[in-house]
Amino acid sequence: MLGLKCTVCGSEYGLDEAEYVCPHHGDDGILDVVYDYAHIQRAFTPDRVLADDRSIWRYLPLLPVRAEVARKVVTGTALATVGWTPLYPAARLAAGLGLRHLWVKDDSRQPTGSFKDRASAIAVVKAREAGAGVVTTASTGNAAAALSGLCAAVGQPNVIFVPRTAPQAKVAQLLAYGSTVLLVDGTYDQAFELCLQVARAFGWYNRNTGFNPYMSEGKKTAAFEICEQLRIARPRFKPRGLNSEPRMLAPDAVIIPVGDGCIIGGMHKGLRDLASLGWIDRMPRLIGVQAAGSSPLVDAWERGLEGWDMAPTKARTVADSICVGMPRDRIKALRAVRQTGGAFVRVSDDEILSAIPVLAQRCGVFAEPAAAAAYAGLVRAVEQGLVGAGQQVVVLATGSGLKDPASAIRAVEQPQIVAPDLSEVRRVLARL
Ligand SMILES: Cc1ncc(COP(=O)(O)O)c(C=O)c1O
Ligand SMILES: [Zn+2]
């Protein structure tokens with residue numbers, strides 16, 4: 001790591017000069033982590049970086065942590081199992097949409113059931129590096145559950161702020177993992193502001209999304225994995241213009257559900273890392289999906305606004321994980337879509353709920369509403385001609401359906417009730 005660079009003014013800081021945000025831009029001055037790619041290139045080839053480790057830690061030389069601290073904290077704990085989630089070929093889903101090459105990246109398989117484990121794993125190691133007594137975050141629920149579970153795995157005290165309306169399953173995780181849980185009687189945006197204030201007042205290590213610059217660095221590992229796994233899935237596919245066999249293969253488009261914008265910003269960072277190292281030969285287009293009732297980034301993108309021009313909005317959607325009125329990582333999210341020639345789309349709550357059984361039945365992935373929104377967004381992207389039949393497309397399934405069973409139940413038919421009797425079963429099955 002060379003240092004940190006402000007996404008607003010471009011000022012660069014040494015690692016000790018800025019802890020979280022650019023001193024000139026307050027909480028909006030989100031920082032990018034800058035690496036010495038020439039050094040990494042000299043020291044590692046893809047084959048040597050990609051150790052025999054089926055987790056995010058296979059990318060250690062590209063992560064913003066001290067290797068010896070990471071190894072000590074992670075080994076033998078749940079932290080060691082974060083990442084390297086499956087990339088399923090989804091032929092039946094693809095056929096329904098007239099696509100030929102579709103994959104689903106299943107991050108419901110993370111240790112606490114969501115994509116957020118990627119970022120929280122880095123937070124736990126960074127907190128150890130900083131010698132932090134307490135780690136804290138505000139969250140719509142999954143980042144909290146991820147931090148809570150991974151802190152529990154290593155015995156790290158933590159305090160969590162979630163809106164009172166967070167789904168019960170997510171709150172249950174926090175309590176079972178033994179976090180100090182504060183249910184904020186307000187929105188996620190209010191919980192976030194409160195958590196920033198409290199962290200400052202008490203000197204706690206702050207994991208907040210779109211504030212702590214290292215969270216995008218955890219999230220970028222999904223981009224690394226997709227490009228590696230796609231190569232494994234398509235050994236004979238040779239991108240035009242390449243003579244040698246690439247170790248990694250970039251898809252044409254990735255469909256990503258967006259709340260704060262940290263996942264999409266992190267994916268972009270991962271792809272930029274790989275492009276800078278010359279390990280992929282092109283940038284996939286990033287397509288962000290928001291719920292219609294919580295779509296400030298779609299609005300800003302349509303109106304050509306920058307992140308710093310955006311004003312807080314009211315958010316309401318069944319997809320609690322992406323219910324965000326003022327996206328904290330809006331600068332990185334808009335940049336991800338604009339710089340890759342991607343797009344933002346919005347989907348209704350009905351489309352999100354309907355996507356849950358489709359994804360489950362045609363691909364075997366049980367997704368929570370925010371994750372199902374990615375598939376609903378793909379349907380919209382196909383309608384709008386944003387992705388074509390021959391393109392290689394990846395949908396990010398970011399969280400498990402077990403996180404919010406009540407929403408899944410709303411999306412399916414009621415089950416048959418049957419008396420404990422064979423002839424009854426025959427009668428009911430005949431009717432079905
Ligand atoms: C399951 C799931 N999908 C998508 C998102 C959106 O990620 P971001 O807020 O980084 O845009 C979240 C964030 O909480 C999430 O938990
Ligand atoms: Zn700045």
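The following exercises, each with a worked solution, concern the predicted model shown above.

In this predicted model, local features need pLDDT of at least 70 and side-chain atom pairs count only at pLDDT 80 or more, while totals for chains, interfaces and linings use all residues. Residues are numbered from 1 along each chain as its sequence is written, chains are lettered from A and ligands numbered from 1 in the order in which they are written, and side-chain values use heavy atoms, with hydrogens and water left out.

**Exercise 1. The zinc site**

Identify the protein donors of the zinc ion (ligand 2) and determine the arrangement of the donor atoms around the ion.

Step 1. Donors are N, O and S atoms within 2.8 Å of the metal (3.2 Å for Na, K and Ca); water is not among the atoms, so sites may look incomplete.

Step 2. Four donors count as tetrahedral if all angles lie between 85 and 135 degrees; four count as square planar and six as octahedral if opposite donors are over 155 degrees apart and all others between 65 and 115; anything else is irregular. Here the 4 donor atoms subtend angles of 104 to 116°, so the arrangement is tetrahedral. The ideal angle for four tetrahedral donors is 109.5 degrees.

Step 3. Along the sequence, the donor residues follow the spacing C-x2-C-x12-C-x2-H. Cys9, in the loop between strand 1 (3-6) and strand 2 (12-13), and Cys22, in the loop between strand 2 and strand 3 (31-34), are 13 residues apart and link distant parts of the chain. Helices (H or I, at least four residues) and strands (E, at least two) are DSSP runs, numbered from the N terminus.

Step 4. Buried means under 20% relative accessible area, exposed over 50%, and partly exposed in between (1.4 Å probe, protein chains only). Cys9 is partly exposed at 36%, whereas Cys22 is buried at 1%.

**Exercise 2. The parallel sheet**

Give the strand order of the open sheet of 4 strands and describe how strand 6 pairs with strand 7 and with strand 9.

Step 1. The order is 8-7-6-9, with parallel pairing. Two strands pair if DSSP finds at least two bridges between them. At the edges are strand 8 (180-184) and strand 9 (205-206), each of which pairs on one side only.

Step 2. Strand 6 and strand 7 (residues 158-163) are joined by 4 bridges, and Ala138 stands opposite Phe161 in strand 7. Between strand 6 (residues 135-138) and strand 9 there are 2 bridges; Val135 has Tyr205 as its bridge partner.

Step 3. In a regular strand the side chains alternate between the two faces of the sheet. In strand 6, Val135 and Thr137 point one way, Thr136 and Ala138 point the other way, and all are buried.

**Exercise 3. Aromatic rings**

Classify the ring pair formed by Tyr188 and Phe192 and locate these residues in helix 8.

Step 1. Rings of Phe, Tyr and Trp (its six-membered ring) pair if their centres lie within 6.5 Å; planes under 30 degrees apart count as stacked, over 60 as edge-to-face and the rest as tilted. The count comes to 7 aromatic pairs. For Tyr188 and Phe192, the centres are 6.1 Å apart and the planes stand at 80°, so this pair is edge-to-face.

Step 2. Tyr188 and Phe192 lie 4 residues apart in helix 8 (residues 188-202), about one helical turn. Tyr188 is buried at 4%, and Phe192 is buried at 1%.

Step 3. Ring pairs also link Tyr20, Tyr205 and Phe211 into a cluster.

**Exercise 4. The surroundings of Trp84**

Locate Trp84, and state which charged end sits over its ring.

Step 1. Trp84 is in the loop between helix 3 (67-74) and strand 4 (87-89). Its phi is near 50°, a positive value in a residue other than glycine. With 14% relative accessibility, Trp84 is buried.

Step 2. A charge sits over a ring if NZ of Lys or CZ of Arg is within 6 Å of the ring centre and within 35 degrees of the ring normal. The charged end of Arg58 sits over the ring of Trp84, 4.0 Å from its centre.

Step 3. Contact means heavy atoms within 4.5 Å. Glu225, placed in helix 10 (residues 221-233), is buried at 0%. Leaving aside neighbours within four places in sequence, Glu225 has contacts that include Trp84, Lys105 and Arg118.
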